[in-house]
Amino acid sequence: MSAKKLPATPATPKVTPARVNKSAERLVAQAIDLLASGMPLTPENIRSAGIPFTRGKTMLDAQKFRVNWYALGRRPLGKIARLVVERNWFAATVHRINKGLYGSGFRFADPAAGQWAAEGSYPFKQIHDDILEEWLVSDAVVAFWRTDAEPGTLPIIEIPDVDEVEYSVVGGVPRIEVTVPRDPKIAGELKPVLGARMWDCIFSGKRLVVVKGDDSGYDFAVMKAGKSGKPIQAPSITSILDDLDYIEAVRVGDWNGAWSRREIIRHTKKGFGVSSGPNAGTTRNNAKYAEIQSILKAMKNILGKTDVATNFDQEIAWLTFPKEFFAQEMLDAALQRLIFWGGLAAILLLKTDSQITGLSGFLTDRIRVQVEAFREDFSRFLGSIFNSPSFKKNFPDAPDLTPAWSVKPLYTGDALIRLATMASTYAVVSPQTVREMFGVDDAKESARLRDAHARREDFTPPYEPRQGLLPQLFPVDYAGGESTSGSAGESTKL
């Protein structure tokens, strides 16, 4: 009997190494984030609706027609904000109103400084407006200037778009990097005007780097929201981009519907069917393929009123956004958020006359606090530029160039009159301050009043029962019951 052959020893099985793809890595990272935050690790909280608190994809990211503003960087958001403020029906109007409100009556607080600035040709007002413009768009502004200006001149202040600037603080020392548009064809004769360093940046496309206090030939100042040592934040208009997008979507739906309905169609049905009995609902005449194609061809060529003949079960419909997703209450909620962001300027755009009248006092009080807080920071920022030794290098004896603004736009007409009257009555403020509140020039009004007093008979009416000023103005005419008979000083007894 032959021995049976034993089976061969099995080879060591080959182990395939496990591979972790990017999706798995993201899921692991999400799990780590959730566990670190103390949240339970369940399928429900792996993905958020819109706020990207994890590294994974949010439900908002999955919507191809919607932008996740949280996921965008500051620079693209800055460019979007600039475009929206320039062209959007709401943001552009709010921006113009706020610019006039925040910068109204710009001047220098010291009269000597105002006179000194008026004697020269430096564009202080233009610099002020450019800085204010950039702040209202970006909620941050960077200004830089050369420290080696020509003798007898003040340096030109550059206000770049904030989305082209990187700001950082390293070891307590501020630093900026400005992206300068490249122009290899720049003329060589501009080098003395622009400065060798700026000319080289433009010619080669380098970034201009300035460190506070270095000897680079430049100085700068920064005003921004948030902590002083943090990078520049995204603009505040980011908070309403979703609402503006929502309203634009409603307008797109309305426009699509209106554009479809521009064609006046008379629909002629052809065919018949069974409406009763055991065969109810069955058709007896259907459109053939060739007929349908003919109808489609005719519909494409419709530009006005036309007649259309189709089978009885054919129907013409305008497909737009479902109405329930764009109901009035949802639109009102979006408008309310726009009002909260835009304040008084938004009220003027989105409310009726009666609503504006009822809310104007409350909103003016609110905007006054906001504007005064901004002006305090703005004054400090402008003062740090205009009074900087690097800016006034050629004019060390120049007066203090601290700015000031008018308070007149910060009050309603009635509130301003009541405030000025009460302040004057109780001697809280001087007459000069009241004039300043109303936005009139003190020296000019004083000269005019002196002229009016010298020609008082040309202005004062003969009878003033409500004011009782005549005896005080003309004591010779009214002393002891006297009355004027002509010019001042010639009087007779009554």
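**View 1. Ile176 stands opposite Val210, a residue of strand β6.** The model shown here and in every other view is a predicted one. Strand β5, which covers residues 173–179, is joined to β6 by five bridges, and the two strands run antiparallel. Another pair to look for is Thr179, whose bridge partner in β6 is Arg207. The two faces of β6 can be told apart by their cover: Leu208 and Val210 make up the covered face, whereas Arg207, Val209 and Val211 make up the uncovered one.

**View 2. The strands β4, β5 and β6 form an open sheet, in the order β4-β5-β6.** The pairing within this sheet of three strands is antiparallel. Strands β4 (165–170) and β6 (207–211) stand at the edges and have a single partner strand each, so one side of each of them is left without a neighbour in the sheet. From one strand to the next, the twist averages 15°.

**View 3. A second open sheet of three strands has the order β3-β2-β7.** In this sheet, too, the pairing is antiparallel. Its edge strands are β3 (157–158) and β7 (218–224), each of which pairs on one side only. Strand β2, made of residues 140–146, runs antiparallel to β7 and is joined to β7 by seven bridges. Helix α5 (residues 124–138) lies across β2, β3 and β7, and the helix runs at about 145° to β2.

**View 4. A salt bridge links Glu164 with Arg75.** The closest N and O atoms of this pair are 3.0 Å apart. Glu164 lies in the loop between β3 and β4, while Arg75 belongs to helix α2 (residues 74–87), so the pair ties together parts that are 89 residues apart in sequence. Are the two partners buried or exposed, or something in between? Glu164 counts as buried because its relative accessibility is 19%, which falls under the 20% cut-off. Arg75, by contrast, is partly exposed, with a relative accessible area of 28%.

**View 5. Lys79 and Asp163 meet through their side chains in a salt bridge.** From N to O, the distance in this pair is 3.6 Å. Lys79 lies in helix α2 and Asp163 in the loop between β3 and β4, so this contact ties together parts that are 84 residues apart in sequence. Lys79 is partly exposed, with a relative accessible area of 42%, whereas Asp163 counts as buried at 4% relative accessibility.

**View 6. The side chains of Arg82 and Glu134 meet in a salt bridge, at 2.9 Å from N to O.** Here two helices are involved: Arg82 lies in helix α2 and Glu134 in helix α5, so the pair ties together parts that are 52 residues apart in sequence. Glu134 is buried, with a relative accessible area of 5%. Arg75, Lys79, Arg82, Glu134, Asp161, Asp163 and Glu164 are linked in a network of salt bridges, and the structure as a whole holds 23 salt bridges.

**View 7. Ile417, Phe438 and Val440 make a nonpolar surface patch of about 230 Å².** Ile417 has its place in helix α13, which spans residues 413–425. With a relative accessible area of 47%, Ile417 is partly exposed.

View 8. Of its 494 residues, 30% count as buried. The protein exposes about 31900 Å², and carbon and sulfur atoms supply 58% of that area. Among the contacts with a separation of 6 or more, 62% are accounted for by residues 24 or more positions apart.

Technical notes: Residues numbered from 1 in each chain as written. Predicted model: local features only at pLDDT ≥ 70, side-chain atom pairs only at ≥ 80, totals over all residues. Heavy atoms only, no water. Pairing = 2+ DSSP bridges. Helix = DSSP H or I, 4+ residues; strand = E, 2+ residues; numbered from the N terminus. Axes fitted to C-alpha atoms, helices over the stretch in contact; angles between N-to-C directions. Buried < 20%, exposed > 50% of the residue type's maximum accessible area, 1.4 Å probe, protein only. Contact = heavy atoms within 4.5 Å. Areas by Shrake-Rupley, 256 points an atom, 1.4 Å probe, with all protein chains shown as cover. Patch = residues over 30% accessible without salt bridge, like charges linked within 9 Å, V, L, I, M, F, W, Y side chains within 5 Å. Salt bridge = Lys/Arg side-chain N within 4 Å of Asp/Glu carboxyl O.
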